[in-house]
Amino acid sequence: MRTLLMTALCSVELLTAGQQMNVAVCNLDGVREPIIAKAKAETELVFRSAGVTIVWGDCDTFPTLDALKREPWFFVRLRTGKPPRTVGPASLDVMGKAFVEEHGGGYMADAYFQAIQDTSEQHHGESGVLLGFVMAHELGHLLLGPGHTPDGVMQAAWGQKQMDALGQRWLKFTEDSAARIRRALEARAAGDAGGK
């Protein structure tokens, strides 16, 4: 019983003592607001389990230059057009793309809503839920760099198994990925604070 209580307390501590990241969603092609709201909620759940709180913005209220100097922002552009197909339809590369810089990090990602909607329909899922997963995955790349894990949010292939897990809120960052995300946010905050 004591071990269970300690585990619960540690989990609560992790969820409340984590990092913060600022994310602006740029709705370039008129994705409906209820879908975006659902996606944000799903993305928040995934990051909260990694000890990270998301503060949302949008491109209509773009952060000022001073705000950008004080703390890093991440941008997710929602697009309705189909991306160029360079991989098979089961790959998350069809649904999103993170623009990762040479050193491994980045600040901007795209989510391709038409491909997300098609995949949701194929697997009898909700497009807002899948959009949230894609946003979490691409934001993960902006912090972790390229590469994928065999399971969790950062896996590359997509199918019914992953859609079922997402519907049950089972898809999270692995413990290693979550720790690396928190370290990356700390480093960016320290780098921005130290450089100004």
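Colleague: Leaving aside neighbours within four places in sequence, which residues is Gln 19 in contact with?

Modeller: Gln 19 is in contact with Gly 51, Val 52, Thr 53, Arg 182, Leu 185 and Glu 186. Contact here means heavy atoms within 4.5 Å.

Colleague: What should I know about the model itself?

Modeller: This is a predicted model, in which local features need pLDDT of at least 70 and side-chain atom pairs count only at pLDDT 80 or more, while totals for chains, interfaces and linings use all residues. Residues are numbered from 1 along each chain as its sequence is written, and side-chain values use heavy atoms, with hydrogens and water left out.

Colleague: Back to Gln 19: where is it found, and is it buried or exposed?

Modeller: Gln 19 is found in strand β1, residues 19-27. Its relative accessible area is 19%, so Gln 19 is buried (buried is under 20%, exposed over 50%, partly exposed in between, with a 1.4 Å probe and protein chains only).

Colleague: And Val 55, which strand does that lie in?

Modeller: Val 55 lies in strand β2, residues 52-58, and counts as partly exposed at 31% relative accessibility. Not counting residues up to four places away in sequence, Val 55 touches Gln 20, Met 21, Asn 22, Val 23 and Trp 73. The C-alpha atoms of Val 55 and Asn 22 are 4.8 Å apart, although 33 residues separate the two in sequence.

Colleague: How many helices and strands are there in the chain?

Modeller: The chain has 7 helices and 5 strands, in the order α-β-α-β-α-β-β-β-α-α-α-α. These are DSSP runs numbered from the N terminus: helices are H or I of at least four residues, strands E of at least two.

Colleague: At what angle do α2 and α5 pack?

Modeller: Helix α2 (residues 33-48) and helix α5 (residues 127-144) pack at about 50 degrees, their axes 7 Å apart. Axes are lines fitted to C-alpha atoms, for helices over the stretch in contact, and angles run from 0 to 180 degrees between N-to-C directions. The two helices are therefore oblique to each other (under 35 degrees is roughly parallel, over 145 roughly antiparallel, 65 to 115 roughly perpendicular, and the rest oblique).

Colleague: Which residues of α2 meet α5?

Modeller: Ile 35, Lys 38, Ala 39, Glu 42, Thr 43, Val 46 and Phe 47 in α2 do so, and their partners in α5 include Leu 131, Met 135 and Leu 139.
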